[in-house]
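Please walk me through this structure in plain paragraphs.

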Amino acid sequence: MEEFINQSEKLSVAGQLAAGVAHEIRNPLTGIKGFLQLLKATTNEHHSYYDVMMSEVERINEIVNEFLYLAKPEVYKIEKHDILDLINEVIMLLNTQAILNNQQIVTNFSLDLPKITCESNQIKQVLINIIKNAMEVMSEGGEIYITVEKSEHNLKLIVCDEGKGIPKERLVHLGEPFYTTKEKGTGLGLMISRKIIEEHSGTLSFASVVNKGTSVTILLPIH
Ligand code: ADP
Ligand code: MG
């Protein structure tokens, strides 16, 4: 137990540091991006080089943005929220892409769910990360089920997909920084999600059956 506490404290210091560095990288990156666009617009040569540079800069930007979520958002407001509102906002954000991918996001919400005390932007970020993973793993389309119910002192939120699943030996690596099996993945989404959920005194867990799908369960305490 003591070991566990030390581990998570270490992560938190490292996380703060990472977020600080990410913040410092963002401004010069914006400068580089601007001048690349300018250069490309003012010359007829080397356009393909500029495109490569731009896409690499975009990639740095993506990683930096993910790290920024480790830090507290600029406006950090812990308030009572209806989780269904947060989920619906996220679905609205992702639905266009889902439809393009031939995917349907299906919800099943229990009635009379209690509100939860949380930082809404952080919880929405977790939902985005998890639903995006589900979308990315269902290239042939299918359904993503989101269930919310009350379970004892927790609110239980489950996101199920019909993707290719995760072999047992890989399940333990989920949430490790930079663990990704995607060509263009950052391997940061789940690490950040876990960190945010743990900061809300909740838990994040995974269950998966290869070739059937994966379910991600979030438990958040009801205060
Ligand atoms: P990224 O999406 O950038 O790879 P994540 O931290 O979001 O990083 O996910 C890490 C890895 O976990 C993914 O690369 C993938 O191998 C696995 N994973 C996450 N969610 C799912 C899912 N729903 N189905 C199958 N594999 C998943
Ligand atoms: Mg991801």
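What is the mean pLDDT of the protein chain, and what percentage of its residues reach 70 or more? The mean is 89, and 90% of the residues reach 70 or more; pLDDT is the predictor's confidence in each residue, from 0 to 100. This is a predicted model, in which local features need pLDDT of at least 70 and side-chain atom pairs count only at pLDDT 80 or more, while totals for chains, interfaces and linings use all residues. Residues are numbered from 1 along each chain as its sequence is written, and chains are lettered from A and ligands numbered from 1 in the order in which they are written.

Over residues 1-10 the pLDDT is below 50. Beyond near neighbours in sequence, that stretch has 1 contact in the model, a contact being two residues whose C-beta atoms, placed from the backbone, lie within 7 Å. Where pLDDT is low, the predicted coordinates should not be read in detail. For the complex, the predictor gives an ipTM of 0.99 and a pTM of 0.83.

Turn now to the ligand. Ligand 1 is surrounded by 19 residues, the closest being Asn133, Thr180, Gly185, Gly189 and Leu190; a residue is near the ligand if its C-beta atom, placed from the backbone, lies within 6 Å of it. Two or more residues of this shell come from each of helix H4 (120-136) and helix H6 (189-199), where helices are DSSP runs of H or I with at least four residues, numbered from the N terminus. H4 gives the largest share, 3 residues. By class, the shell holds 7 nonpolar, 10 polar and 2 charged residues. Ala, Val, Leu, Ile, Met, Phe, Trp, Tyr, Cys and Pro count as nonpolar, Asp, Glu, Lys and Arg as charged, and the others, Gly among them, as polar.

H4 and H6 also pack against each other, at an angle of about 145° and with their axes 9 Å apart. The axes are lines fitted to C-alpha atoms over the stretch in contact, and angles run from 0 to 180 degrees between N-to-C directions. On the H4 side the contact includes Asn129, Ile130 and Asn133, and on the H6 side Gly189, Leu190 and Ile192 are among the residues. This contact has 6 nonpolar, 6 polar and no charged residues.

H6 is largely enclosed by the rest of the structure, because 9 of its 11 residues are buried, that is, have 20 or more other C-beta atoms, placed from the backbone, within 10 Å of their own. Among the buried residues are Arg194 and Lys195. H6 is followed by Ser201, whose phi is positive, near 60°.

Key
A residue is buried if 20 or more other C-beta atoms lie within 10 Å of its own, exposed if 12 or fewer, and partly exposed in between; C-beta atoms are placed from the backbone.
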